[in-house]
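Please open the model in your viewer and keep the selection panel at hand.

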Amino acid sequence: MIAYLKGKLVFKDPTFVIIDISGIGYHVKISLQTYSKIKDEEQVMLLTFLHIKEDAHTLYGFKEEAEKKLFLNLISISGVGPNTGLMILSSLSSEELEMAIIQEDFKTIQNVKGVGVKTAQRIVLELKDKVKKDSILELSTNSTGFLHQNNKVKEEALQALMTLGFPKNTAEKNIAAILKKTGPDISLEDLIKASLKST
């Protein structure tokens, strides 16, 4: 409903901020990740998620798209509410959480206050594939244009192979194997050709 808020940062706390937009102060809950990224900006823009319950409408804010995406993935899991999602993203950076999920590292997630063994296992099991798929794209957010280009080539090659009828897992393995041999400088056409040959 509210995709983002852009306005004057009038109050900042490690758990929430107040953003003034045309004389209206919006109270937005945030993680420590977002808190450290907004520093002392006077004008701020946060991506938001509005959580509606019978007795409360709560706004959650995120400085980066990657964090918001992880938050939405977390709260889609049974037993993980928005406050637990925020707690996880305050205890672990987006990168650490993604790594823990991909490596099936239940313990790291379980160390977060309020997250039990079963919840940690559910998070890993239900989000592993989603996070793996997204992490190819996420790498480009904080990196050079070169890395972005490399990921774009990877993604386009994967799409092309899937369009040609290859199962996603096979295509991903082939692409990874080729890139390991050639390094990141390979062109899209050569990457697709080499992947086709290696099947």
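## The annotated spans

Begin with residues 72-91 and 107-126, which an unreviewed UniProt entry annotates as "domain: Helix-hairpin-helix DNA-binding motif class". The model on display is a predicted one. Select residues 72-91 on their own: the C-alpha atoms at the two ends are 17 Å apart, and the span is 70% helix and 0% strand. Then select residues 107-126, where the end C-alpha atoms lie 16 Å apart and the composition is 70% helix and 0% strand.

## Thr-119 in helix α6

Next, select helix α6, residues 117-138, and pick out Thr-119 within this helix. Is Thr-119 buried or exposed? Its relative accessibility is 14%; because the cut-off for buried is under 20%, Thr-119 counts as buried. Now display the surroundings of Thr-119. Neighbours within four places in sequence aside, Thr-119 is in contact with Gly-79 and Val-80.

Move to the strands, starting with β1 (residues 4-12) and β2 (residues 16-21). These two run antiparallel and are joined by 4 bridges. To inspect the pairing, select Leu-9 and look across to β2, where Ile-19 stands opposite.

Strands β2 and β3 are paired in the antiparallel sense, over 6 bridges. Which residue of β3 is the bridge partner of Val-17? The partner is Val-28. Then centre the view on the hairpin of β2 and β3, which places 2 residues between the strands. Here Ser-22 takes a positive phi near 50 degrees.

## Helix α9

Finally, select helix α9, residues 188-197, and colour Leu-191, Ile-192 and Ser-195, which are buried. Turn the view to look down the axis of α9: the buried residues fall within an arc of 95 degrees, so they line one face of the helix. On the other side of α9, select Glu-189, Lys-193 and Lys-197, which are exposed.

Which residue caps the N-terminal end of α9? Select Ser-187, which provides this cap. One of the side-chain oxygens of Ser-187 lies 3.2 Å from the backbone nitrogen of Asp-190.

Note on methods:
Residues are numbered from 1 along each chain as its sequence is written. This is a predicted model: local features need pLDDT of at least 70, side-chain atom pairs count only at pLDDT 80 or more; totals for chains, interfaces and linings use all residues. Side-chain values use heavy atoms; hydrogens and water are left out. Buried means under 20% relative accessible area, exposed over 50%, partly exposed in between (1.4 Å probe, protein chains only). The arc is that of the directions from the helix axis to the C-beta atoms. A polar contact is a pair of N or O atoms within 3.5 Å; within protein, one must be able to donate a hydrogen and the other to accept it, and residues adjacent in sequence count only if both atoms are side-chain atoms. UniProt positions are given in the numbering used here, feature names are shortened, and annotations may be inferred rather than shown by experiment. Two strands pair if DSSP finds at least two bridges between them. Contact means heavy atoms within 4.5 Å.
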